[in-house]
Amino acid sequence: MKMETDVLLQPAARWRADFPVLRETVHGVPLVYLDNAATTHKPEAVLAAEADFYRRTNSNVHRGVHTLSQRATDQHEAARETVRRFINAASTREIIFVRGTTEAINLVAQSFARPRLTEADNIIVSAMEHHSNIVPWQMVCGQTGAELRVAPVNEAGELDLDMLGRLIGPKTRLVALTHLSNALGSVTPARRIVELAHAHGVPVLLDGAQAIAHLGVDVQALGCDFYAFSGHKIYGPTGIGVLYGKEALLDAMPPYQCGGDMISSVTFGETRYNELPFKFEAGTPNIAGAIGLGRALEYVESIGVNAIAAHERDLLAYATGLAAGIDGLRIVGTAREKASILSFTLAGVHPHDIGTILDHAGVAIRAGHHCAMPIMQRFGLAGTARASFALYNTRSEVDALMAGIAKVVEMFRP
Amino acid sequence: MSELRDLYQEVIFDHYRKPRNHHALACANHFAHGHNRLCGDQLTVYLQVDGDVIRDVSFEGSGCAISTASASLMTEILKGRRLQDAENLFNEFHHLLTHADAHAAADLGKLEVLAGVREFPARVKCATLAWHTLQAALKDRAAQVTTE
């Protein structure tokens with residue numbers, strides 16, 4: 001057992017060295033960063049790739065005839081190819097660079113769903129969605145009169161597939177579900193969801209904001225029609241993300257925003273739109289961000305998604321075992337299939353007080369509703385404390401978390 | 001560590017565990033709902049105002065130790081005070097929480113125990129939620145206020 005632990009720990013210790021910010025101290029103690037579901041830190045390679053772009057290239061893409069512009073275009077499009085390979089999309093025409101998951105979902109809501117929806121139609125989400133996979137659908141339903149249906153979640157935080165199946169009807173135009181819940185850590189059975197929806201001819205969008213860094217994502221194996229994720233949750237920069245969409249669907253969709261780069265010709269009489277993926281990328285894109293994201297995905301590939309997942313599985317199991325032994329601690333989200341997230345409450349202690357006291361021990365966690373208020377209400381909670389793991393976390397950091405929780409319990413003991 | 005002890009003083013724990021005036025007020029003629037968007041906490045402040053004097057004040061809702069204790073302490077200090085006193089108290093209290101070198105004015109009394117919050121900028125909104133809600137109640141802004 002000891003040997004197995006060491007084998008698992010050694011690589012994480014090696015990977016840690018790639019992340020400069022992990023050498024920071026807070027309140028005079030080493031940083032223990034367990035807020036990875038909010039955002040992950042960036043390895044040196046990503047920081048260098050972004051800085052290099054501005055230092056050595058820095059030109060606009062898809063337009064200049066000069067050398068630097070061509071270099072910028074090559075690097076930007078190479079990053080798109082890296083994304084394609086990473087999620088195993090069939091073509092780079094299916095990889096749209098956006099600001100993040102939120103923009104990706106809004107794009108699908110406005111460009112795909114809105115023209116298809118009438119008062120008779122409906123869209124289905126689950127009870128454990130992030131606000132960014134709720135509000136865009138509420139908005140498009142408000143615009144069209146369509147109905148937003150909510151698939152329930154059981155006490156463990158698992159999606160009720162039977163109920164989802166019953167909610168899907170002839171007027172369902174889209175199923176939009178999380179692949180990995182940011183509030184609970186539940187992994188949804190994405191393939192079965194897609195099969196279920198496709199059996200009714202209904203397309204599926206998966207919100208992969210959390211899943212992308214923790215589960216191997218193969219969009220063709222999943223069979224999903226849209227997949228959305230953010231760069232900054234997988235060791236890449238903020239402000240860059242990806243919408244994957246099946247080419248036939250994207251082709252049929254109107255542009256989401258209009259401007260430069262998304263056109264092939266403009267007269268005052270008529271504008272012809274550019275081909276995929278550029279049709280959805282109006283304006284100068286986040287070039288350095290895309291290059292940084294490509295580098296982040298290469299970094300993850302160099303370690304291996306499976307190695308990362310195995311390491312994080314060990315951390316979560318270790319943390320869950322220790323947490324279960326703490327009097328008054330309740331784990332919120334006990335799905336059989338979970339990844340990377342430990343959401344919990346402590347009897348008699350508000351999550352914000354937990355967060356402040358842990359911060360003083362150097363342990364960064366998230367406290368609150370995690371932008372998923374409906375699932376908090378489902379469990380009768382205003383919020384939880386949430387520790388979330390990444391490839392660079394170690395068992396000794398889990399020990400620091402538990403020591404911090406013990407301190408909270410001691411301080412709040414009547 | 002001492003910063004943490006300064007924040008979580010015994011008086012705070014006492015008011016968190018046994019909040020004073022923690023109920024609705026049947027005779028209230030002013031009230032408002034407060035909402036801290038950061039954490040989702042909500043509370044309601046009730047007031048019975050007679051002329052320019054606060055005859056009674058109470059609150060409902062639950063939150064973190066800091067927001068609950070602050071609400072409880074607020075209700076204790078405000079009973080029998082003039083409206084202008086309440087306004088002055090809030091200004092002094094807010095100054096105490098947001099200025100590193102501020103000294104507590106004499107009339108802040110027990111509210112001084114919340115001075116430790118100033119070392120925790122993320123928690124200032126917790127300590128002032130009840131006071132912002134009080135102001136809304138006095139202005140009879142029926143709409144919900146937030147700490148934004």
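S340(A) is buried, having 27 other C-beta atoms within 10 Å; here a residue counts as buried if 20 or more other C-beta atoms lie within 10 Å of its own, as exposed if 12 or fewer do, and as partly exposed in between, with C-beta atoms placed from the backbone. The model is predicted, so local features need pLDDT of at least 70 and side-chain atom pairs count only at pLDDT 80 or more, whereas totals for chains, interfaces and linings use all residues. Residues are numbered from 1 along each chain as its sequence is written, and chains are lettered from A and ligands numbered from 1 in the order in which they are written.

S340(A) has a positive phi of about 65 degrees although it is not a glycine. Its place is the loop between strand 13 (329-331) and strand 14 of chain A; helices (H or I, at least four residues) and strands (E, at least two) are DSSP runs, numbered from the N terminus. A positive phi of about 55 degrees is also found at N21(B), likewise not a glycine. N21(B) belongs to the loop between helix 2 (10-17) and strand 1 (30-36) of chain B and is partly exposed, with 19 other C-beta atoms within 10 Å. Most residues other than glycine have a negative phi, and most peptide bonds are trans. The peptide bond between L276(A) and P277(A) is cis, with omega about 0 degrees. P277(A) lies in the loop between strand 12 (271-273) and helix 10 (287-303) of chain A.

Chain A is assigned domain 1 (2-39 + 305-412) and domain 2 (47-302), with bounds taken from an automatic or database domain assignment. The C-alpha centres of the two domains lie 28 Å apart. Their contact takes 24 residues from domain 1 and 26 residues from domain 2, two residues being in contact if their C-beta atoms, placed from the backbone, lie within 7 Å. On the domain 1 side, helix 11 (305-324), strand 14 (341-346) and helix 13 (373-378) each supply at least two residues, and the largest share, 5 residues, comes from helix 11.

Within chain A, helix 4 (residues 101-113) is largely enclosed by the rest of the structure, because 12 of its 13 residues are buried. Among them are T101(A), E103(A), N106(A) and F112(A).

The contact between the chains takes 14 residues from chain A and 13 residues from chain B. Helix 12 (351-360) and strand 16 (366-368) of chain A each supply at least two residues of the chain A side, and helix 12 gives the most, with 5 residues.
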